[in-house]
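Visitor: I have not looked at this structure before, and I would like to learn how to read it. Could you take me through it one feature after another?

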Amino acid sequence: MPFLELIDIKKHFTTKSGGLFSSSNEVVKAVDGVSLSIEEGKILGLVGESGCGKSTLSRLIMQLLEPTHGSIVLEGQNLTNLKSSEVRSRRLDFQMIFQDPYASLNPRMTVWSTLSEAILTRKPQLNKEELKQNVIKLMEMVGLDKQYVRKYPHEFSGGQRQRIAIARALAPEPKLIIADEPVSALDVSIQSQILNLLKDLVNNLGLTMLFISHDLSVVRYIADRIAVMYYGKIVETGEAEALMENPQHEYTKELLESVPKVLS
Ligand SMILES: Nc1ncnc2c1ncn2[C@@H]1O[C@H](COP(=O)(O)OP(=O)(O)OP(=O)(O)O)[C@@H](O)[C@H]1O
Ligand SMILES: [Mg+2]
């Protein structure tokens, strides 16, 4: 049984077209019949150009958007049939990491407040001392020195800020992490450090990860399997090595040709 299975997922947005006074509607097929599965403990890389529907797909998995069609099955449980109270408790099992940690972290919250708040969502019964131990453990896990616990996001570098965002995502002890372009805003020299950290965390904690990027060189570095998305559809999936060596779809070939050799 796959850990997560998407079965023919569609998300169509209806928007007004032709300007303010036009009455005609246009349908944007952001996600248009995606079937995918992720095995437990593995990293699935989702790659495709801007606007192909990657973030929409991640919001559907996070239950932040309702699919127009299709079902999402987590560990054999169909999420599309859940009551909203059940969705809320299951949502702790999925956490996200975003492109810009500066935007996703609250600038007025120290590392301590950010992490302790996130830990308490899962373990509200912890006392102050236990909470402190949990915060320190998380900081160690992501390679942040505990002496920075009272500092604010703006006092850190971009890479360190992303480490805080990763620690926050891990705090509720999720099973699935969706990382949406987590290194795209970072300097190339920092990218591989963060990718290695994510890889280690998945291995050591037994997490499952959906790793999203427009950049195939980044995806191949981290993913076990790769799915290539193009205009709302998955055009090719395969083991990372095999897909890189023997791409079948024209679009995958195009992506491969544009890959810089920096991370290879
Ligand atoms: N709420 C919405 N209403 C209407 N259209 C939307 C909405 N959200 C997304 N879209 C459209 O759906 C398509 C897919 O968007 P999405 O953000 O999922 O792409 P993406 O692959 O994540 O792109 P990027 O790489 O730039 O982040 C785009 O054409 C976008 O304009
Ligand atoms: Mg996106």
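Visitor: Which residue stands opposite Met229 in β10?

Guide: Before I answer, please keep in mind that this is a predicted model. As a general idea, the strands of a sheet pair through backbone hydrogen bonds, and they do so either parallel or antiparallel. In this structure β9 and β10 pair in the antiparallel sense over six bridges, and the residue of β10 that stands opposite Met229 is Ile234.

Visitor: Where do β9 and β10 belong in the sheet, and in what order do its strands come?

Guide: The sheet is an open one of six strands with mixed pairing, and reading across it gives the order β6-β7-β8-β3-β9-β10. The edges are taken by β6 (94–97) and β10 (233–239), each of which has a single partner strand, so one side of each is left without a neighbour in the sheet. On average, and with direction ignored, neighbouring strands of this sheet are turned by 20° against each other.

Visitor: Which strands of the sheet run parallel, and how many bridges join them?

Guide: One such pair is β6 and β7, which run parallel and are joined by four bridges; within this pair, Ile97 has Ala179 of β7 as its bridge partner. Another is β3 (residues 43–47) with β9 (residues 225–230), which pair in the parallel sense, also over four bridges, and here Leu46 stands opposite Ala227 in β9.

Visitor: Which residues other than glycine have a positive phi, and where do they lie?

Guide: The general idea is that most residues other than glycine have a negative phi. Among the exceptions here is Glu75, whose phi is positive at about 45° and which lies in the loop between β4 (69–74) and β5 (77–78); with a relative accessible area of 29%, Glu75 is partly exposed. Glu173 has a positive phi near 50° and lies in the loop between α6 (158–170) and β7 (176–180), where Glu173 is partly exposed, with a relative accessible area of 43%. Tyr231 belongs to the hairpin of β9 and β10, which has two residues between the strands, and takes a positive phi near 45°.

Visitor: Which elements supply residues to the shell around ligand 1?

Guide: At least two residues of the shell come from each of β1 (4–16), β2 (25–38) and α1 (54–61), and the largest share, three residues, is supplied by α1. By type, the shell divides into four nonpolar, six polar and two charged residues, and its members include Phe13, Val28, Glu49 and Lys54.

Visitor: Which residues have polar atoms close to an oxygen atom of ligand 1, and at what distances?

Guide: A polar backbone atom of Gly53 is 3.0 Å from an oxygen atom of ligand 1, while for an N or O atom in the side chain of Ser55 the distance is 2.9 Å. A polar side-chain atom of Thr56 lies 2.6 Å from an oxygen atom of the ligand. Of the 640 Å² of accessible area that ligand 1 has on its own, the protein covers 62%.

Technical notes:
Residues numbered from 1 in each chain as written. Chains lettered and ligands numbered in written order. Predicted model: local features only at pLDDT ≥ 70, side-chain atom pairs only at ≥ 80, totals over all residues. Heavy atoms only, no water. Buried < 20%, exposed > 50% of the residue type's maximum accessible area, 1.4 Å probe, protein only. Near = heavy atom within 4 Å. Polar contact = N/O pair within 3.5 Å; in protein donor to acceptor, adjacent residues only side chain to side chain. Areas by Shrake-Rupley, 256 points an atom, 1.4 Å probe, with all protein chains shown as cover. Nonpolar A, V, L, I, M, F, W, Y, C, P; charged D, E, K, R; others polar. Pairing = 2+ DSSP bridges. Axes fitted to C-alpha atoms, helices over the stretch in contact; angles between N-to-C directions.
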